[in-house]
Amino acid sequence: MMSRPGDSELQDLYRELLLDYSSSASHKGLIKGAELHSHGINPVCGDEIELTLNTKAGAIDRLRYEGHGCVISQASCAMMAESLEGLSVEKARSLASAFKEMMLSKASLESLPAELEIVRALEGVRRFPMRVKCATLAWNTLLQMLAGPKGHAAEFQEVEG
Amino acid sequence: MGGLMDLEGIRADFPILKRLVHGKPLIYLDNAATTQKPRSVIDALSRFYENHNANIHRGVHTLSDEATQLVEEARAKTAAFIGASKPQTIVFTRNATEAINLIAYAWGRKFLGPQDEVLLTEMEHHSNLVPWQMLSREKGVRLRFVPMTADGRLDVEAAGRIITPKTKLVAFTAASNVLGSLTPVEKITALARANGALSLVDASQWAPHRPMSVSAWNCDFLAFSSHKMLGPTGIGVLYGREELLDAMDPFMGGGDMISRVFLERFTPNVLPHKFEAGTPSIADAVSFGAALDYLTCVGLSRIAAHEESLTRRALELFKAEPGVQVYGPQDTSERGGVISFNIEGVHAHDVGTAFDLEGIAIRAGHHCCQPLMMRLKVPGTARASFYLYNTLEEVEALVAALRKTRDFFLRRAAPVG
């Protein structure tokens, strides 16, 4: 792996894994006629995430997204899609809540459940309180989607402050 | 152009410039958002609270008299600073936003209707858009917009084509908070006058940085904010021609804005108190006076010349950097010290965070100009903005951070060989 210029703080926030995921195409694209669909936006910076999801026997069969925004918002979404595919909807919901809680707390992301192992790369974001919403946008959009009925297009909007 | 400034002496007047951010000396380049405060302004605040604190205008005791005089002195200084001959044409508000809302409410609601047009520009800050949108919704006033040229200047010729006899007000920024572009203010106010319209100049990004005068500009209304020119937050300025302010109804009702009050009616106070309901931000008004003293002492022409040299250097260096897009006019005679840019392939918020880690404070986002961002077809920009205490070394550090950020985020984009 190539070394990057910049000091350790920059590398701690923008870990290699984060940069890889922010440009990853593996869960990109939208599912046509998806069971669940939601759109999330952070009006403060204009970051957007569109999620589509199909279930199979109570589990997340496919989770695909499109979005644009900063490295943190896009990497977080890609990591979320990879981590949650295959899990039960209930499990996904509880993991999303756990992730949000961790991002807002002082506790180390090391204690996140094993299913969210890759998400631990977002650890450095918590030292930048004004960037935490970038990391939680995808997860809030997912929770909003899972709370709504099938076939309903959910909307999530971050609020300032 | 004035003589050289004592930059070291100026920097020593700003206590905050000594602090470290992420272990590095603070390089403060977010001056278009708000500016830092010199010792004299900070001292004026505490001196007021330690020696003169009282409510103004109605007290018969010594402190109230002193506080009243200090606020009125600050008003007189403000009038002199913008070349207004009468202090009563200066209304203290909370900020420039409130000043513009005051005009939209107290003048717009009284005098405008569905047959009338207000001419704005594509470059306006939300504070000079939304109050007019609210007026339009309530009174049916039609809003029209002067476009900007491809290089981000106000299209004065287009303004001449768009203005009509229905235009009752032309409200525009003197200097863009995103592109730095300077508006030929006299041309626009003359155009307004020739078409029977009034003019409102948003001078928030001009008044702190270069000389101006309302008599030379021949404008009818003018708004700006203290905190963008070394003063405290909580104080803004509205200037209006006396006969126009007289003809307007009050903005907010309450104490101080009245002459007599009966149970069911009131008569309004004289100018400027008619528009200053309730206890104002007294200490902030007084220390705003200290900020104006500081700027006057350094000299606005010198400040403008200094910022121009920083801007010229920054534009030169930015232009030489591959993968960097700079917005707005390239000629420093047509722009102030605000530089909006993007590093291709890197989101402005990631740029802002990377610069913060270098101790460099810049702004990233839509800068309260979402329509302008749509026009530029970008979700946001990074923005560096200069003031009198910034140095050429800081400009060099800005460009070094730019290179480092680009290399950090984009190295992977280059083919690995």
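Mentor: Start with terms: two strands pair if DSSP finds at least two bridges between them. Helices (H or I, at least four residues) and strands (E, at least two) are DSSP runs, numbered from the N terminus. This is a predicted model, where local features need pLDDT of at least 70 and side-chain atom pairs count only at pLDDT 80 or more, while totals for chains, interfaces and linings use all residues. Residues are numbered from 1 along each chain as its sequence is written, and side-chain values use heavy atoms, with hydrogens and water left out.

Trainee: OK. How many bridges join β1 of chain A to β4(A)?
Mentor: There are 5, and the two strands run parallel. One of the residues involved is H37(A), whose bridge partner in β4(A) is A153(A).

Trainee: What is the strand order in the sheet?
Mentor: The order is β3-β2-β1-β4 in chain A, an open sheet of 4 strands with mixed pairing. Its edge strands are β3 (59–68) and β4 (153–157) of chain A, each pairing on one side only.

Trainee: Switching to side chains. Is R64(A) buried or exposed?
Mentor: R64(A) is buried (under 20% relative accessible area; exposed is over 50%, partly exposed in between, with a 1.4 Å probe and protein chains only). Its value is 15%, and the residue lies in strand β3 of chain A.

Trainee: Which residues does R64(A) contact?
Mentor: Leaving aside neighbours within four places in sequence, R64(A) is in contact (heavy atoms within 4.5 Å) with residues including S26(A), H27(A), E50(A) and E85(A).

Key:
Chains are lettered from A and ligands numbered from 1 in the order in which they are written.
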